Amino acid sequence: MAGQGTPATALLVKRGIAHRTHPYRVAPDAPNYGALVAVALGVAPERVFKSLVTEVDGALTVAVVPVTGELDLKALAAAVGGKRAALADRAVAERATGYVRGGISPLGQRKRLPTVLDESALDLPTIYVSAGRRGLQLELAAADLVALTDARTAPLQTH
């Protein structure tokens, strides 16, 4: 499909990483956006992950967690050796990543940020993350995401 290229997809192509893109249609302001994306894609919601830009002790960090749960900020802080974590301001997140909210990918960010992936991803054959714009998801192996982002894995979600 023409026009699907993003910095995230370009990185995967450049590195020769196996992946698939999946377009979908969900209103960006819909409540329960992540769950609706899973429905639109026809996949189990625990395979769809959201990328949340956070601040851990003042340093920007990306947390990648399933859309089925919420981010445990204390667990994230502990995973990176910090004391306190909070969600980053939307404008700060967009400026640092080069992506807009609802389309922030853990890959191909303007500034490479430390990344922590919820360990549940490692039990799945592939996971879905934003491809870098609303309406497009990437499917790839969690191990490839870890390798490309130098991510740590840790239990990050609450249910």
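Which residue in β6 does Val64 stand opposite? I looked it up: Val64 stands opposite Leu117.

I noted the ground rules. The model is predicted, with local features needing pLDDT of at least 70, side-chain atom pairs counting only at pLDDT 80 or more, and totals for chains, interfaces and linings using all residues. Residues are numbered from 1 along each chain as its sequence is written, and side-chain values use heavy atoms, leaving out hydrogens and water.

**Strands.** I took helices (H or I, at least four residues) and strands (E, at least two) as DSSP runs, numbered from the N terminus. Strands count as paired if DSSP finds at least two bridges between them. β3 and β6 (residues 115-118) pair in the parallel sense over 3 bridges. β2 and β3 run antiparallel, joined by 8 bridges. Val56 has Ala59 in β3 as its bridge partner. The hairpin of β2 and β3 has 2 residues between the strands, and Asp57 there takes a positive phi near 50°.

**Burial.** I used buried for under 20% relative accessible area, exposed for over 50% and partly exposed in between (1.4 Å probe, protein chains only). In β3, 7 of the 8 residues are buried, so the rest of the structure largely encloses this strand.

**Helix α4.** I checked residues 90-97 and found Ala93, Ala96 and Thr97 buried. Down the axis of α4 they fall within an arc of 85° (directions from the helix axis to the C-beta atoms), so they line one face of the helix. These buried residues pack against β2 (49-56) and β3 (59-66). At the start of α4, a side-chain oxygen of Asp89 comes to within 3.1 Å of the backbone nitrogen of Ala91. Gly98 follows α4, with a positive phi near 85°.

Notes: Contact = heavy atoms within 4.5 Å. Polar contact = N/O pair within 3.5 Å; in protein donor to acceptor, adjacent residues only side chain to side chain.
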